[in-house]
Every structure is written in structure tokens, then in C-alpha cells.
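Dear colleague,

I am handing over the structure we spoke about, together with some notes on what was found in it. Please read the notes with the coordinates open beside them.

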Amino acid sequence: MSDLIAQLTQRLGTHRVLTAREDILPYGFDGTATLKQLPACVAFPRDAADVSFALKLAGVSATPVVTRGSGTGLSGGSVPLAGSLVLCLVQMNRILEVDTANLTLRAEAGVITQKIYEAADAAGLFYPPDPGSMKISTIGGNVAENSGGLRGLKYGVTRDYVMGLEVVLADGSICWLGSKCVKDVAGYNLRDLFIGSEGTLGVVTQVLLKLLPRPAARQTLLAAFPSMEAAAETVSAIIAARIIPCTLEFIDQTTLRCVEDFAKVGLPRDAAAILLIETDGHPAAVADEAAQTESLCHHHGATSVRRAANATEATQLATARRSAFSALARLRPTTILEDVTVPRSELAGMIRAIGLIAQKHALTIATFGHFGDGNLHPTILTDERDHAEMHRVELAVAEIIAATLERGGTITGEHGVGLAKKPFLRAQLGDASFELLRLVKRALDPDGRLNPGKIFD
Amino acid sequence: MKSLSDLDYSVLQQCMHCGLCLPTCPTYEETQRERHSPRGRIALMRAIADGELAVSQSFGEEMYYCLGCLACTSACPAGVNYAELLETARAEVEQAGVLASPTRSLIRTLTLRVLFTRPRLLRAVGRLLWLWQASGLQALARRAGLMNLLPANLRRLEPQAPTILAKFSHQLIRPVESPASAPLNVGRSMLDVERYPSPAPASPRRVAVLTGCVQDLAFANINRATVDVLLANGCEVHTPPVQPCCGSLHAHNGDHASALALARRQLDLINPADFDAIISNAGGCGSHLRAYGHLLHDDPAYAAKAAAWSAKLRDIHEYLVEINFRAPTQPGGSNPPASGAVSAATATIAATTVTYHESCHLCHGQKVSAQPRAILRALPGVVLNECAESQWCCGSAGIYNITQPETAARLQERKVGHVRASGAQVVATANPGCHLQLQNGLAQSTGPVVTVTHPVILLAQAYAAEK
């Protein structure tokens with residue numbers, strides 16, 4: 001290990017290799033509650049060659065390597081192993097090309113998601129994936145976790161915008177996967193293998209992203225409901241009316257009060273639930289969809305429907321929604337966030353099941369999420385120092401997962417498995433599929449050097 | 001004794017490390033290292049509270065590398081009380097003595113314990129500094145190259161020292177002034193305001209004005225203007241001639257005991273029960289003054305009074321908007337045109353373009369952001385041109401420009417660049433540290449003259465020009 005640190009320091013300089021306790025302690029966690037470990041060293045590579053150099057050294061000294069961006073992950077994917085080498089890619093933060101002829105953008109892995117959005121926007125283009133932490137999350141982290149966001153319903157997730165990747169493999173070789181071609185079936189689609197691989201198969205160092213033309217118009221609606229069921233029925237009605245809004249977000253009363261305490265954007269505190277709906281596209285289509293959606297809301301018992309007056313107000317509302325998870329921390333010290341996703345037809349049943357589980361274990365569970373996708377974020381508000389309550393939290397999580405799987409759902413829609421969801425993966429996948437994952441891992445990382453212990457053991 | 005391990009643990013736990021503070025932190029942006037972010041610093045503090053880390057020199061340096069700008073608190077959805085965490089951590093650093101050196105201890109004693117606890121002594125030192133500057137001795141010494149004899153640190157600081165004004169607040173403001181009373185004859189008054197024709201409400205509002213320390217020595221004219229605009233809006237203004245430092249300097253620099261003592265002295269001097277509002281015009285002071293209720297919450301003798309104080313403490317802009325201040329009329333008595341039409345008379349007068357730089361402790365510490373702009377927009381003949389990053393720290397940050405000159409200089413340059421890019425002729429700001437930092441930064445940079453001022457100066461001038 002000391003040899004690895006010495007050689008890394010020689011190549012990168014002392015300011016890019018951290019080992020002092022005060023320097024590395026803040027790299028012991030990511031955005032996930034209760035998980036932390038102290039790495040041995042944190043290094044800041046400048047490019048793929050630096051990453052390759054570090055991985056080769058790690059091979060020699062048998063050191064586990066954990067890749068990290070801004071550390072906003074919500075499944076513990078970038079929590080280091082004790083004694084590991086952390087490769088922090090935040091200094092690889094250049095946007096290399098915006099190709100307006102081919103509608104692509106090429107960037108280093110450490111570029112902040114918001115900067116990608118802004119660079120596209122400046123060229124009149126649009127990068128849709130907008131995870132809650134987009135103001136600070138890195139695009140490399142988004143690719144590693146295949147992050148979703150508020151616009152998933154209409155526009156899909158990170159995977160749908162990745163055309164190519166530069167990846168450094170465990171042995172240090174540097175690969176380019178994919179191309180600018182819209183159609184490309186040369187060989188296996190290995191690019192997709194790395195998307196959502198949580199740093200266990202290789203280190204993503206560059207991404208080539210697909211961009212869309214910027215929608216000409218947008219309209220945001222905020223509808224308040226007297227019950228969760230009314231909100232859920234409205235969502236079904238919107239989808240049944242063949243309307244696919246860009247955003248169809250749900251926030252329950254506990255969550256909306258916390259969000260309002262922080263953001264002060266005028267959310268109706270008395271509502272049992274609110275829906276935040278955005279439609280975008282051609283101005284005529286937007287006007288039509290907004291009118292239809294508004295009338296569907298009223299028809300299903302909405303107590304009020306507010307239209308954002310302008311783009312600033314729309315952005316404020318979306319930003320407020322993105323703060324939901326963090327805002328819930330106002331209530332209790334520890335926030336255990338789940339990411340279960342069910343087929344949309346199962347939403348109302350799933351919401352009821354979560355309510356019953358909360359009651360059974362005497363826990364506070366606030367729920368918000370992407371109703372349009374069936375992706376829910378039940379968040380258990382607790383205190384990690386209360387061991388008796390934490391035991392009940394564990395039981396409740398297991399029951400939420402079971403209820404999800406019974407309905408044909410998935411344990412994670414957009415946060416990844418990491419450490420937090422690892423115990424439940426085999427139950428979802430079944431033995432054969434689970435073993436197939438391990439087979440792939442062994443093929444690409446035979447010594448288990450890359451982010452070991454994440455996704456599965 | 002104030003320490004991280006004694007702190008209510010839930011304050012530390014409040015941070016759920018989501019990272020949303022990172023993009024708003026100037027020191028994280030500078031280095032992109034976690035320890036230089038709010039989330040990283042809180043992790044270090046928590047490690048100390050948990051006994052996983054000792055209070056080390058490196059920890060101490062980190063706590064003082066933080067600007068204390070509190071931008072993180074505006075960004076934090078979880079509502080982490082970073083100000084309290086930082087003050088507690090700095091107090092612990094001072095108790096542990098991990099940064100102690102003879103020079104540092106001497107400077108701390110002289111400033112925190114001697115100078116900024118004795119308002120009369122501070123004024124005497126200010127008077128000497130004024131003599132040095134006004135007599136021409138300073139210019140003479142500079143020409144003779146005598147400054148080169150100073151140690152490097154002092155040589156760098158010397159040109160940054162504020163220009164002391166000829167008169168301090170108590171020489172410009174009477175202890176009690178009411179809308180009807182004749183103004184104090186102030187000789188070379190900064191403002192030629194003679195009468196305040198605003199009709200006093202049935203029961204005039206009684207307010208106390210806090211004059212500050214640096215504000216008193218270098219910007220007494222801002223204090224005068226503060227009184228003027230309150231008078232013009234029908235307030236009876238009480239301004240005790242000798243006021244103690246509010247203790248913000250002490251609290252922000254780990255001297256918790258002095259901060260408590262100064263808060264009590266302030267409460268002994270001004271009883272909140274006697275006033276409708278207590279007015280501060282400096283962002284840094286106001287942010288701390290508002291926290292008296294929390295600071296003294298477990299002091300049985302002062303807790304109730306301190307809570308009442310916090311409830312009545314108002315930033316001047318906030319208060320003016322709250323009492324629905326009177327918009328100044330066009331010079332010559334005509335009101336500004338109601339519609340977009342510009343009258344022939346005003347069209348010939350070029351509008352003054354003003355931009356607004358937000359004091360961190362005003363916008364993040366006190367959440368007062370819209371009100372100063374409302375005042376600037378109400379000024380006849382003034383156009384508000386927003387500059388980029390108006391809420392980003394200018395690098396003054398109390399004494400940060402003295403303790404961390406390199407980072408402070410880069411932030412100053414960044415700020416001056418945005419101010420110049422706005423094309424404004426005037427930059428308004430409401431904190432003496434920012435005021436000096438902008439003045440120095442603009443003077444060092446090339447480009448057209450940009451004047452630094454306080455929004456209430458512009459408002460007072462507009463009232464004065466009505467006649």
C-alpha cells in the first residue's frame with residue numbers, strides 16, 4: 001500500500017493524493033444513511049491514463065478500488081471499503097465537445113450533471129435526465145448508477161442517452177464502447193453492460209451523450225388532493241387518457257410540509273397529497289395536454305390546481321420537489337430511503353401496503369416519488385442511535401421489499417443496489433440470473449478488485 | 001465551555017450528507033476537496049464528537065479555512081444549523097490551543113479582548129488612525145517607502161485599512177431624534193437633509209439603531225442615513241451614543257465567553273420592551289444579533305429578554321419594507337410616471353445604473369434578499385442591473401481577508417469582475433466588510449469608476465433630493 005501511495009504521489013503530485021486522516025475521513029460516506037468506512041487513500045486522476053496507472057498499481061498491491069464522483073449516491077455504491085483506494089473523478093470535469101450537427105455531447109466523467117444540461121441548453125438542445133442531485137452529481141456517477149430523475153416517464157433514464165463510453169478495465173486497459181452512430185450493432189452491446197454497473201466492472205472516464213432538440217414549450221401544474229387514493233386515481237386517469245407528461249410526481253403530506261418549510265414555494269400544507277405535473281413539446285400540444293390534465297385533476301377530486309406562471313416558477317417547483325429527500329431530514333435524525341418500483345397498475349395497492357407496514361411497526365414513513373414511472377421513495381424517518389427502532393426499521397424494509405416483489409416490482413428503480421439493497425437482490429432475480437451477474441463480474445474483474453462487495457458478495 | 005461533544009448530537013446528525021451544499025460552497029469550488037465543503041467539515045466535527053478524531057492543527061486550520069458565509073444554510077433542505085456548528089467547532093479549536101502561537105495569541109487578545117470590548121478605546125484608536133490618514137502622514141510615509149520596513153503581512157494589509165471618517169456616529173446622531181424635531185447641527189454633514197415632511201403615524205414607531213464598530217468608524221454616514229430614512233418614515237429613533245460591539249466578531253472566532261458577555265451588555269443598554277424594533281444596518285452584525293435568543297437561551301437572567309430582542313431585531317431594509325416605506329418622489333416633486341412613458345424632464349437625465357452585492361450574512365444568515373432590491377427599485381432615476389453571483393461571497397468574510405489572503409483575493413477578483421460586467425456605475429451593499437472589500441478590489445482593478453455605497457445612503461439622498 002505504501003508503495004502504491006508513493007508511486008501515485010510521484011505521478012499525480014501530493015495535492016492529488018490524500019492520506020491524512022482529516023483529508024480522507026470526509027470520503028468515508030456518500031448520500032446513503034448510516035454507512036461509512038475509512039479508505040486508505042483518495043486520489044484525483046486527471047485522465048484515463050492516470051486511472052489506468054492507478055488500477056495497474058492496485059493490481060500489484062491487491063488493493064480494492066472504489067470510484068467516486070461527488071458522493072451523492074443513495075445505495076452506498078461509492079462508500080469505500082476499509083483500507084481501499086478511492087479514485088475521485090471530480091477533477092476530470094471538462095466538457096470536450098458539443099456536436100450540434102450530430103446532437104451529441106462528449107464529456108469527462110467528473111462533469112456535474114447540471115453543467116451538461118446547461119451546455120446543451122446553451123446550444124438550443126436538451127439533456128433530459130435530471131436526478132434529484134443534478135446540481136452536484138457527476139455524469140460518471142449517473143452512468144454508473146443509471147440514474148433516473150423527474151423526467152423519466154416521457155424521456156427515460158441515463159441509459160437512454162448514453163451513445164458511447166470510455167472505460168478503464170480492471171487490468172488498466174482503456175476501451176471505447178459505442179459511437180456517434182444512431183445505429184451500431186458491431187459486436188456485443190458492451191456499453192450497456194457498464195451502465196448501471198456501479199463501478200464493479202470498470203471505471204467510466206468519458207461519456208458520449210445523445211441530446212434532443214429543446215422542447216418549444218413547457219407547462220407545469222401543481223394539483224392538491226384530499227387523499228392519496230385520489231392522487232393515485234388521477235395518475236391512472238392521465239395515463240389512460242393517452243397523455244404522457246414529462247413529469248408526474250407525487251408528494252405526500254409529511255413530505256410536502258418539510259419541502260415547504262425549506263423551499264417556501266407555496267405548497268398547500270393541508271393537502272393529503274400533491275401531484276407535480278409538467279408537460280412539454282409543441283406549444284399547441286402542451287396547451288391541449290395541460291387543459292386535459294387540469295380537468296382530469298378536478299374530475300378526480302383535486303381541491304386546487306395551480307399553473308406555474310412562468311419558467312422561473314416552474315423551476316422553483318421542480319427544485320422544491322428535488323429537495324424532498326433531504327428536506328425530510330428536518331423531522332428525524334436518520335432518513336432511510338427506499339427506491340422500490342412497481343408496474344403502474346399496482347401503485348395504489350403499493351401505497352396502501354406501505355401505510356399498513358408503517359402502522360404495524362409504529363414507524364413514520366413519508367412517501368414521495370415518480371408516480372408516472374411507478375417509482376416510489378418511501379422514506380423511513382428514524383434515529384440510528386435508537387437500536388430498538390432501527391430493528392423495526394429493518395423489519396419494515398424487508399416487508400416493503402416483499403410487497404414490491406409480490407407485485408412484480410423491483411427493489412431499486414434508479415438508485416442502484418450498492419450495499420443498501422444487496423440482501424434482496426437474489427430474491428428478485430432468482431438463482432440463475434443472479435449467478436449470471438457473478439459470471440460477468442468474474443470475467444471482467446477476476447481478482448475482484450473493483451468496488452468489491454457492492455451489488456453482491 | 002462550548003465543545004462539539006457537549007453539543008446536542010441531533011445538530012450534528014441533522015446533516016444527512018446529501019451533498020446539496022457542495023455547489024454553493026466557495027472553498028469547495030476552489031479546491032474540490034470534501035474537507036473544504038460544509039458536508040466534509042461536519043463529518044470532521046462529528047468524528048470529533050464521536051471520539052474518532054482528535055482536535056488537531058489540521059482540523060483547526062480547516063475550521064478557519066471556512067469563510068462562514070453560510071451559503072450552505074440557504075442550500076440545505078435538511079435545515080442544518082451550520083452557524084452554530086462552526087462557532088462551536090472554532091470555540092473547541094481555541095480551547096484546545098491547536099493553532100496557538102505567541103503572535104496569534106497576542107493579536108487575538110488585542111483585538112477580541114481589548115479593542116472590540118471597549119467602544120471608547122476603539123474610537124480613540126480610530127481617531128489616531130484618522131489623524132494618520134487625514135494629516136497626510138500616511139501619504140508621506142508611503143511616498144518615502146517606509147511601508148517597506150513593515151513585516152510582509154502588515155505591508156499587505158496596510159492599504160486595505162478602512163479610511164476613517166472625520167466624525168463618528170455619536171457626532172452625527174442625537175441620542176433621540178423624532179420626525180418633528182430639528183436635526184442635529186452636524187457641520188459638514190454628509191447629507192443635507194433639513195426636514196422630514198413625512199406625516200407621523202398616530203403613534204409613532206419607536207426604534208433603536210445599532211451603530212456597529214467598523215460601521216461607526218468608517219461608515220458613520222451610513223448610520224446617519226439609516227436614522228434619516230427611519231425619520232422620513234415617521235419613526236422616533238433612539239441611538240445610544242456609546243454602544244458595545246455586538247459580539248459577532250467574537251462568536252465567529254471561537255471566543256464564546258466574550259460573545260456572551262457582550263450580548264448581555266447590549267441587552268443592558270437597550271431594552272427590547274421599550275422599542276417596536278431594533279435596527280441593524282450591517283449584515284454581519286445583524287445575523288449574530290438575531291441569534292441572541294439562542295445564544296442566551298440557558299441564561300436564566302437574560303433568556304426572556306434575549307428572546308424578545310431576537311423577535312424585534314430587524315435589518316433596516318427588512319424593516320423599511322415591513323412598515324411599507326414611502327417611495328421617494330422625483331426631484332422637483334413630480335411622481336415617477338405610472339406607466340412606461342418617460343416624461344420629457346426625466347428623459348434628459350441619464351439613469352444611474354446600480355447593482356446589488358448581497359452580504360452573505362444578510363442573504364444567507366438573515367434571509368433578507370428581496371427587500372434591499374425593493375428599496376433600490378423604488379429610487380427615482382435608478383436602474384437596478386443585477387450582477388452574476390450576487391449571493392457569492394466577496395472574500396471579506398469578517399477577518400478572512402486577513403487570515404486567508406489568497407482565497408480572499410481570488411473571491412474579490414471574481415466579485416469585482418461580475419460587478420464590472422454588470423455595467424453598473426454604483427454597487428450597493430449592506431455590510432462594512434463587503435463595502436471595504438469591494439472598494440479595495442475595484443480600486444485595484446482597471447476600468448471605469450464604480451462607487452460603492454449602502455442602499456440606505458441612496459434612499460436618504462433620494463428623500464433629500466425631493467425638495
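Predicted model: local features only at pLDDT ≥ 70, side-chain atom pairs only at ≥ 80, totals over all residues.

The buried residues in α14(A) are Val393(A), Ala396(A), Val397(A), Ile400(A), Ile401(A), Ala403(A) and Thr404(A). These residues lie on the same side of α14(A), because they cover an arc of only 160° around the axis. An α-helix has 3.6 residues a turn, so residues three or four places apart point the same way. The face of α14(A) turned away from the buried side carries the exposed residues His387(A), Ala388(A) and His391(A), while the buried residues pack against β16 (334-337), α13 (347-360) and β18 (375-382) of chain A. After the helix comes Gly408(A), whose phi is positive, near 75°.

Turning to the contact between the chains, 27 residues of chain A are in contact with 25 residues of chain B. On the side of chain A that touches chain B, the elements giving two or more residues are α2 (21-24) and α12 (324-327) of chain A. Divided by class, that side of chain A has 13 nonpolar, nine polar and five charged residues.

In chain B, five strands form an open sheet with mixed pairing, in the order β1-β3-β2-β4-β5. Its edge strands are β1 (176-177) and β5 (313-315) of chain B, each of which pairs on one side only. Strand β2 (residues 205-209) of chain B runs parallel to strand β3 (residues 235-238) of chain B and is joined to it by four bridges, with Cys235(B) in β3(B) as the bridge partner of Arg205(B). β2(B) also pairs in the parallel sense with strand β4 (residues 277-280) of chain B, over three bridges, and there the bridge partner of Val209(B) is Ile279(B) in β4(B).

Chain B is also divided into domain 1 (9-96) and domain 2 (344-464), whose centres, taken over C-alpha atoms, are separated by 28 Å. The contact between them takes twelve residues from domain 1 of chain B and 14 residues from domain 2 of chain B. On the domain 1 side, the elements that give two or more residues are α2 (26-31), α4 (57-65) and α5 (71-75) of chain B, and by class that side has seven nonpolar, four polar and one charged residues.

Finally, there is Cys434(B), which is found in helix α25 (residues 432-444) of chain B. Why does Cys434(B) count as buried? The reason is that Cys434(B) has 28 C-beta neighbours inside 10 Å, where 20 or more are required. Leaving aside neighbours within four places in sequence, Cys434(B) is in contact with His357(B), Ser359(B), Cys394(B), Ser396(B) and Thr429(B). Cys434(B) and Ala96(B), by comparison, are 338 residues apart in sequence and 31 Å apart in space, C-alpha to C-alpha.

Conventions. Residues numbered from 1 in each chain as written. Chains lettered and ligands numbered in written order. Pairing = 2+ DSSP bridges. Contact = placed C-beta atoms within 7 Å. Nonpolar A, V, L, I, M, F, W, Y, C, P; charged D, E, K, R; others polar. Buried ≥ 20, exposed ≤ 12 C-beta atoms within 10 Å, placed from the backbone. Arc of directions from axis to C-beta. Domains from an automatic or database assignment.
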